[in-house]
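I opened my notebook to get to know a new structure. Here is what I looked up, one entry at a time.

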Amino acid sequence: MLKNYIVVSLRAFRNHKLYSVLNVLGLAGGLTVVILIAMFVRFELGFDQFHGDADNIYRVVQRQPNNFYLGSNEFAVTPAPLEDAVRDELAYVEDATQLNRRRVLLSNGGRGFYESGLFVTPSFFGVFDFELEEGDAASVLGSPDAAVITRDLARALFGPDGADGAGAVGRTFEITNHSGGRIVTVAGIAAEPPPDSHLQFALIVRYDDNDRQGGWGSNSFHTYVKLRPSADPGRFAADVQDIAERNIGELSWVQEGNAEVPHFFTQRLTDIHLRSHVNFEHSRNGDIRYVWLLIGAAALIMLTACINYTNLATARAATRGREVGVRKVAGASRSQLGRQFVGESVILALAALLVAGGLAKLLHGPFSALVERDIPAAFLTAPSFVALALLCAVLVGVIAGAYPAFVLSRMKPVKVLKTSGSGTTRSMAGSLLRSALVVVQFAVGVGLLVGVFVIRQQLDYISKAETGMDRDRVVAVTIRDREMRGQWEAVKAEVSTIPGVVAVSSASSLPTSVDSSVGLEDWEGRESDEDVAVYQSSVNYGYAALLGLEFVEGRPFSEERAGEVERAVVINETARRRLGWDTAVGKELNMGSGPMQVVGVVGDFHFHSMHLGVEPLALVLSPDEISRVLVKVSPNQLPETISALSATLERFSPSYPFEYQFLDDAYDAMYRSERRFAVVLSLITGIALVIACLGLFGLAAFVALQRRKEIGVRKTLGASVSDIVFLLSREFGRLVIIAFVVGSPIAWYAMQQWLAQFAFRVNIGIGVFVGAAAVTAAVALATVGYHAVKASMTDPVKALRHE
Amino acid sequence: MSESDDQPQLGEPIYELRGVSRSFGSGFNEAHVLKGISLDIAQGEFVSIVGPSGSGKSTLLNIMGMLDAPTRGSCYFMGQATHELSERQRVKIHRKHIGFVFQAYHLIDEMTVYENLETPLLYRKVKSGDRKSKVADMLDRFNMVAKKDLFPEQLSGGQKQLVGIARALVIEPRVILADEPTGNLHSSQGDMIMDLIRDLNRNDGVTIVQVTHNERYAAYGHTVVELLDGSIDSVSQVAGQSVQSD
Ligand SMILES: Nc1ncnc2c1ncn2[C@@H]1O[C@H](COP(=O)(O)OP(=O)(O)O)[C@@H](O)[C@H]1O
Ligand SMILES: [Mg+2]
């Protein structure tokens with residue numbers, strides 16, 4: 001019986017190629033998107049699970065209620081003594097470790113290169129299960145100068161000798177960071193960390209005493225704790241807080257009431273990637289909201305694809321009447337027929353899955369690049385994944401096939417067998433439901449289009465926004481060589497002679513992301529209990545001019561005036577307002593290093609991303625601070641200018657590589673995840689529309705076929721081609737309008753939520769909706785129009801001959 | 001109930017129609033298509049139903065085939081009132097005893113001749129071996145072995161109707177209901193089909209109820225029932241024809 005069904009289904013597919021191809025393509029397109037998104041979701045949800053005790057590992061983090069920094073008052077860092085305290089005092093703690101991720105200069109003689117290294121305490125491998133290719137987890141970090149590196153790094157450091165890993169063990173190299181340089185010895189070779197680890201490294205070294213100073217007052221170490229399986233995580237958080245109260249509470253500045261003990265809390269290791277958005281993460285995390293958004297998008301796409309099938313199959317049901325009738329007369333029961341037709345759609349869904357699997361394999365690479373994740377291709381063939389995909393396809397087949405099967409198996413043989421032709425019935429089986437489904441499809445399309453338009457508008461707004469700063473053609477060179485401090489005059493003199501250089505200055509941080517913040521000790525006119533925190537950047541002469549900052553009061557720092565270094569300050573308008581000043585020039589404030597005098601006030605400019613509002617800012621004159629050399633260049637001969645710049649700076653600092661970026665690029669990079677999201681959503685929208693159109697195309701074909709006679713009659717009565725086209729398109733046009741009415745408000749609401757993350761955002765204008773409606777209508781009409789025109793060209797004599 | 005119990009004896013009624021009426025629509029638009037038809041058909045009988053187009057012949061045949069139900073009156077099939085049966089029981093009886101032949105053949109286009117013949121057996125859950133031999137018998141009997149892998153579109157009208165009859169016959173039904181089986185055929189093919197149907201009746205004892213417009217073909221039966229405007233106008237015995245046993 002089954003074989004009979006399958007054979008007949010396959011022949012039926014072959015005899016109705018257009019129908020079958022539209023169906024398989026629609027389902028395959030939908031399933032491809034679902035598979036790719038499922039791979040992404042699985043990857044995101046699987047972060048850090050590879051550690052044997054992943055579920056028992058926690059990170060300790062803290063909240064400082066009154067200390068907002070870059071939009072959050074939570075911090076991933078803790079005091080240095082916390083590691084020993086939890087290990088010694090809490091019996092249910094199996095092990096604990098502290099670490100920091102730092103960029104360090106590595107060299108084995110000659111010019112070095114930068115690597116991101118993990119500075120760790122010796123218990124690192126006691127908590128984490130990173131695989132070691134050489135060395136033993138228990139002892140590899142035993143010696144204070146121990147370093148563990150990856151094979152790739154071994155090759156980079158030691159050339160061919162290091163290539164096999166083992167040859168590198170025992171060799172030494174130099175690491176340099178801001179606290180100076182030291183020699184370390186390779187004690188082990190680590191496998192490349194898995195792509196789904198939130199900790200990435202090529203190098204692991206033990207802290208030396210310089211790296212890890214400070215008692216309970218320090219606050220810069222990431223603490224990871226592995227609990228015994230029997231431990232109660234809730235109690236652990238409470239115990240950590242208790243330890244903090246006892247120790248931090250004893251500090252003099254807490255006792256004097258200048259600060260409070262922060263609130264400590266814990267995060268599961270496996271939650272960090274998707275659910276942690278605190279300050280000082282190791283790297284940019286994923287976001288559970290995007291995971292949900294993508295799951296939602298996948299569901300919408302699948303819904304669209306299922307609807308396609310349902311619609312096409314019910315439309316075609318009209319032409320399968322005879323088969324149903326004959327089968328019933330031959331003794332088929334309703335349930336047997338139902339099973340047959342559901343079975344058919346399951347077969348189609350499985351065929352579509354096969355196509356989708358191939359497509360997903362092809363698209364895996366580009367997709368991974370698009371979402372910026374190293375999603376393993378092996379996911380595709382993992383048994384559990386394949387089983388899930390099969391289940392999903394069968395489910396899709398059953399859901400999509402249920403209604404057509406219901407319609408078909410309900411048909412009465414007496415009715416469908418009466419006509420002698422192909423068994424086509426004029427009854428528009430389920431045409432109301434079909435219209436409703438088309439509305440849903442296009443509502444999804446309209447909604448997604450509105451989403452895409454709003455996101456694009458916001459990104460466009462961001463890239464064109466007046467940020468109060470001229471980022472154009474500003475090169476920011478990162479200087480890590482401490483030896484260069486104090487050489488400003490010489491650097492400036494040399495750089496200025498490069499032909500393409502227009503202006504030179506420097507600062508302690510990038511002007512697009514000033515990330516140092518300090519609470520003001522005092523300022524003129526302070527009401528006693530007020531607290532104001534300001535972001536601060538050390539800057540050099542010419543900073544404001546180079547960036548085109550506008551002064552609303554006062555003037556920039558001047559080399560002509562003595563005594564301004566570290567004593568004069570330029571603030572922004574927000575700072576002036578927050579400090580309660582009408583005019584600021586001449587007033588004094590104290591940032592902790594004695595009173596400074598305000599010499600100027602600049603108009604507010606964005607020194608953070610558009611996600612955040614403009615905060616108070618203080619620019620302090622400090623010519624020795626040259627962490628970022630800012631160079632305004634002329635548009636001509638840019639490459640020559642950059643290489644001259646590189647040559648000049650490398651002369652000053654022979655062991656450090658030249659590192660630079662354009663300020664414009666740094667600005668754009670802050671919206672990377674939004675841009676990525678925009679691309680992903682655009683693609684999904686495109687696919688949803690294409691799928692919806694496939695369905696509409698098939699549907700229009702059937703409607704045109706069913707109305708062949710009517711069209712013939714109308715033509716003999718004098719209807720023109722355009723009359724017929726209008727007649728056939730009108731119906732679908734109406735559906736698109738309803739879809740618009742349904743989809744727009746939902747999309748409007750969703751996009752308001754999305755925009756809320758930006759302190760500076762566009763208003764959703766009417767244009768977005770008009771645009772979405774126009775695109776949808778155009779796409780739908782173009783699809784329907786093809787059949788409408790074709791139908792209107794039919795020869796009425798032929799169409800009516802069969803009557 | 002044992003097998004032999006539901007084998008009606010020759011001469012016993014297989015159909016008893018009592019005041020069967022069928023109307024379509026309601027109220028002002030109600031069309032009374034059959035108006036109180038009463039008719040007995042004996043096991044092994046060959047009945048021809050004739051009458052002008054629109055007189056209700058097909059409607060009557062559909063009711064007898066349980067594809068449709070009377071609005072009033074009852075139709076007994078082998079002693080059971082069809083309207084008292086559940087859908088499930090109807091399908092069961094239908095599968096077992098009734099074979100249909102249509103004017104328009106109604107073969108399934110996507111199936112070969114062989115598969116078209118096999119389908120009714122599949123619905124009866126006949127085992128694969130039996131199925132093969134039954135289909136092979138039919139092909140043999142109708143000289144269609146060479147055509148068994150062809151699709152309907154590759155056959156002539158007469159050949160299609162042969163397949164249609166073979167399909168009705170493959171389940172070894174008690175009764176074959178044929179609605180203008182020769183209506184679409186030219187006369188030589190029509191004669192061949194009618195001879196075949198008569199043989200079935202004579203040699204296999206299959207009860208035949210056929211609808212026809214052709215007087216000559218009507219005379220192949222024992223009894224001719226003439227319908228006029230939904231009522232029986234006359235019932236006549238055909239001279240020289242009587243129900244025979246073999
Ligand atoms: N399902 C139906 N709905 C309404 N009228 C019907 C239906 N089936 C048949 N009729 C009407 O019943 C009458 C008899 O039809 P039918 O039994 O097919 O006649 P015959 O087969 O004798 O030509 C016709 O007028 C036809 O229009
Ligand atoms: Mg008829």
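**Ground rules.** This is a predicted model, where local features need pLDDT of at least 70 and side-chain atom pairs count only at pLDDT 80 or more, while totals for chains, interfaces and linings use all residues. Residues are numbered from 1 along each chain as its sequence is written, chains are lettered from A and ligands numbered from 1 in the order in which they are written, and side-chain values use heavy atoms, with hydrogens and water left out.

**Chain B as a whole.** I found seven helices and 10 strands in chain B; helices (H or I, at least four residues) and strands (E, at least two) are DSSP runs numbered from the N terminus. Along the principal axes, the C-alpha atoms of chain B fill a box of roughly 50 × 45 × 40 Å. I also checked the radius of gyration, taken over C-alpha atoms, against the globule rule of 2.2 Å times the number of residues to the power 0.38. Chain B has 18 Å, which agrees with the value near 18 Å for a compact globule of 246 residues.

**Cover and contacts.** I noted that 54% of the 246 residues of chain B count as buried. Buried means under 20% relative accessible area, exposed over 50%, and partly exposed in between (1.4 Å probe, protein chains only). Among contacts in chain B with a separation of 6 or more, 71% join residues 24 or more positions apart; contact means heavy atoms within 4.5 Å.

**Helix α1 of chain B.** This helix spans residues 57–64 and is mostly covered, with seven of its eight residues buried. Among the buried ones I listed B:L60, B:L61 and B:I63. After α1(B) comes B:M66, with a positive phi near 65°.

**Where chain B meets chain A.** How many residues of chain B are in contact with chain A? I found 26, facing 27 residues of chain A. The area buried between the two chains is about 2200 Å², and carbon and sulfur atoms give 59% of that. On the chain B side, B:H106, B:E110 and B:Y123 lose the most area to chain A, together 33% of what that side buries. Buried area here is the accessible area (1.4 Å probe) that two parts lose on being put together, summed over both.

**A:E94.** I located A:E94 in strand β3 (residues 93–107) of chain A. It counts as partly exposed because its relative accessibility is 35%. Leaving out residues up to four places away in sequence, A:E94 touches A:K226, A:L227, A:R228 and A:P229.
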